[in-house]
Amino acid sequence: RVYAQEVEEIEETGEFRVTREWEATPPDFGRIAAQTAKQVILQRIREAEREITYGEYSGREGDIVTAIVQQADPRYVLLDLGRGVEALLPQAEQVPGERYDHGSRVKAYIVEVRRSPKGPQIICSRTHPNLIRKLFELEVPEIADGIVEIKQVAREPGHRSKIAVASNDKNVDPTGACVGPRGSRVRMVVNELRGEKVDIIAWSDD
């Protein structure tokens, strides 16, 4: 049987309540028609979920995400971003020699979010220079607050990276802020990059 409902929104809470309900079963509504209706409804729900996911991630290009390796393939690595959302790490965006074991946790940089017939396709990178920038933003409060600024990044993924930093406060040493007490801050970045060497130098206009 098919039932229809009439609802109205409660202004105070934003919730909905049923004001009327009635049976709306068509006279020729048999088993096949019911199965077809069910498939159409489920398809619409999936499409709505995909649109919500696209809307959530389309504005996050340039962000860093923490993901779990779900599947490693010669062409790409499938990443689980949580809540059923998946992302691709193409071979061209992988660090040469870096292993992506199933279940391991990695941080990746979102380079592109695009629509596809199977839903939103989120493309991530482990080689992008801005991954370095975002990792330092996470580890160095002075960068997140705008006191220290990363002026330039140069990177050979898997080998060495260099960042040039400057301070907007004469009392703050930009290099020291990025290195951290006993090298703790830069060590966290190096560990996330799995041993890639990171040089921090003072920015010069010359």
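I began with what lies over the buried residues of H1: the cover includes strand E4 (76-82), strand E5 (85-90), strand E6 (105-114) and strand E7 (121-125). Buried means under 20% relative accessible area, exposed over 50%, partly exposed in between (1.4 Å probe, protein chains only). I found Thr53, Tyr54 and Tyr57 of H1 buried.

This is a predicted model: local features need pLDDT of at least 70, side-chain atom pairs count only at pLDDT 80 or more, and totals for chains, interfaces and linings use all residues. Residues are numbered from 1 along each chain as its sequence is written, and side-chain values use heavy atoms, without hydrogens and water.

I then checked the span of H1. Helix H1 (residues 31-58) has 28 residues and reaches 40 Å from first C-alpha to last. That is close to the 40 Å expected at 1.5 Å a residue.

Next I looked up H2 and H5. Helix H2 (residues 129-139) packs on helix H5 (residues 184-192) at an angle of about 135°, with the axes 9 Å apart. H2 is therefore oblique to H5 (angles under 35 degrees count as roughly parallel, over 145 as roughly antiparallel, 65 to 115 as roughly perpendicular, the rest as oblique). I noted the residues in contact (heavy atoms within 4.5 Å): Leu135, Phe136 and Glu139 of H2 meet Arg185, Val186, Met188, Val189 and Glu192 of H5.

Last, I went to Asp173. Asp173 sits in the loop between strand E9 (160-167) and helix H4 (174-179). Asp173 is partly exposed, at a relative accessible area of 48%. From Asp173 to Cys124 I noted 49 residues in sequence and 33 Å in space, C-alpha to C-alpha.

Key
Helices (H or I, at least four residues) and strands (E, at least two) are DSSP runs, numbered from the N terminus. The expected span of a helix is 1.5 Å times one less than its number of residues. Axes are lines fitted to C-alpha atoms, for helices over the stretch in contact, and angles run from 0 to 180 degrees between N-to-C directions.
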